[in-house]
Amino acid sequence: MRRFGLALAAASLLVSDAHAGTAPTQASVNALRSWITAVRSHHPGQPDSATGVIAALKYSDRLLLHPSMQLFLEGVRGLPMAIQEETQREIKDLVRVARFDEGLSPFVRRAAILHTDAAIFADRFPDPPDDAPAAAGPGSHTEAPPPLLDNERYVLHTDGRVVGDVAANWNWAFARSLLDLLLRPTVAHVGLDAAGIGTPLDRAFVADWYHAVAAYQLATRRHGDANRHLHHAAQVLPDDPRVLFDRACYAETLGLALYQVLPNDPGYGNPARRVVMRVPPPDKTDAEAEALFRRALEVDPKYAEARVRLARLLEQRGIHDEATAQIEQALASDPSQTVSFFAHLVAGRIEQSRGHDGASLDHYSAALQQYPEAQSALLGASHAAVMASDVPAALAFVATLAGRTGHGDSDPWWTYDLGAGRDVDRLVTALWAHVPK
């Protein structure tokens, strides 16, 4: 049974900037010191004790940490820090130590990865008590809370039914806010450029992070997290081809049956629920996916999978000539095994729609050369053989279908909706490897 979360219109109690200009308490500074210790001691990619510290933070713990964290991150950005109280001086010293002991860029990267790992390995640790304030509910005009105090909720659904709602993992929002520091213009008087923050390597790391995290969220079908993640990615990395591709895959997923059946469930529009689910109609979300795939190809014409997925959407709209041209370009670029498989499946559908049953069979047969036990290709080939009046071939494909082992990776079409999530292990491992030790 699969469970999915879709992003919702839910708001939480906003902690105002009443802390601005007010010295944090010593307890808040102590919480900041504990956080910094966790950042420095964490081993990327490991559910270690530092990860457990972050995973255990309740809303009230984050509320305590917030005033000091706010001042600390202002210092990291290079903003002037008014020093009136001893606790403010302590925080300024912590910024100075981070800058000169390890460098701000490495520190921010490590911090973002700590919170990333806290989200990835959340199921390894007990859930902290849920002491967050009640959501404001749909239609609220309450301003969004600071990332550290994120309190979003998602609807859960499975098998075409709404089954409840769940709190979002706040670590994703906070990790994004940390990496925003590596993309913002630095304040020259503090000399942050000399400290190495905001370099091309920083931007490359941030882009890698967004793509790897999107892959993880799509692979685990955390679509609520993916929605917010990709919305923010569109703002900070609007022309990154991988971000464009991930956004397109997410839009494409919303057009698939697993979401389009939800409006028929009585729980979809339940007025008693204080979170709202809105699934766009397939024509709207498919049009968005098509536009994003096209934009990704404008930025990177060699993005073969973007061409294949664009061709699938075009085929659905009956635009067969352009769909065929996209497939031909994709296959000419020597794509990966899985992308080649997808290309031949889509091409088989295109040729069948045109009434070219022999050409359709050729494409399905080519797909089976990549994955001989793929159910999708065997069914397509059998149908194409029947339409071509080749009954022995049709029966041979059915016989192969009956005798296949059915192991999990025998048919990539089952994981088409994952997009880059098929490569999540490679992408996340590479990300961990680029975090300073």
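Visitor: What makes the pairing of Glu298 and Arg295 a salt bridge?

Guide: Their side chains come to 2.8 Å, N to O. The cut-off is a side-chain nitrogen of Lys or Arg within 4 Å of a carboxyl oxygen of Asp or Glu, so this pair qualifies. Bear in mind that you're looking at a predicted model.

Visitor: How do you know that Glu298 and Arg295 are separated by about one helical turn?

Guide: Both sit in helix H11, and they are three residues apart there, which means about one helical turn between them.

Visitor: Okay, what about Glu305 and Arg309: what makes them a salt bridge?

Guide: Here the N to O distance is 3.0 Å. That is within 4 Å, so we call it a salt bridge. These two are four residues apart in helix H12, residues 304–316, so about one helical turn separates them.

Visitor: Are Glu305 and Arg309 buried or exposed, and how do you know?

Guide: Buried means under 20% relative accessible area. Glu305 comes in at 10%, so it is buried. Arg309 is at 1%, so Arg309 is buried too. Glu305 and Arg309 also belong to a network of salt bridges that links them with Glu252, Arg312 and Arg422.

Visitor: Why does the pair Asp423 and Arg426 count as a salt bridge?

Guide: Their side chains meet at 3.7 Å, N to O. The limit is 4 Å, so the pair passes. Asp423 is partly exposed, because its 33% falls between the two cut-offs. Arg426 has 55%, which is over 50%, so it's exposed. A search of the whole structure turns up 24 salt bridges.

Visitor: Then why does Asp48 have no salt bridge?

Guide: Look at the nearest side chain of opposite charge: that's Arg110, 7.2 Å away. A salt bridge needs 4 Å or less, so Asp48 goes without one, although it is buried.

Visitor: What makes the link between Asp48 and His42 a polar contact?

Guide: Their side chains are joined at 2.9 Å, and the distance cut-off for such a contact is 3.5 Å. You'll find Asp48 in the loop between helix H1 (26–41) and helix H2 (49–55). Leaving aside neighbours within four places in sequence, Asp48 touches Ser41, His42, His43 and Phe125.

Visitor: How do you know that the length of helix H16 agrees with what it should span?

Guide: H16 covers residues 375–387, which is 13 residues.

Visitor: Which residues of H16 are buried, and what covers them?

Guide: Among the buried ones are Ser376, Leu378, Gly380 and Ala384. Their cover includes helix H14 (337–353), helix H15 (357–370) and helix H17 (391–403). After H16 comes Ser389, with a positive phi near 65 degrees.

Visitor: Why is Pro266 called exposed?

Guide: Pro266 has 72% relative accessibility, and the cut-off is over 50%, so it counts as exposed. Pro266 lies in the loop between helix H10 (257–260) and helix H11 (282–299). Pro266 and Val162 are 104 residues apart in sequence, yet 8.2 Å apart in space, C-alpha to C-alpha.

Conventions. Residues numbered from 1 in each chain as written. Predicted model: local features only at pLDDT ≥ 70, side-chain atom pairs only at ≥ 80, totals over all residues. Heavy atoms only, no water. Buried < 20%, exposed > 50% of the residue type's maximum accessible area, 1.4 Å probe, protein only. Lys, Arg positive; Asp, Glu negative; His and termini not counted. Polar contact = N/O pair within 3.5 Å; in protein donor to acceptor, adjacent residues only side chain to side chain. Contact = heavy atoms within 4.5 Å. Expected span 1.5 Å × (residues − 1).
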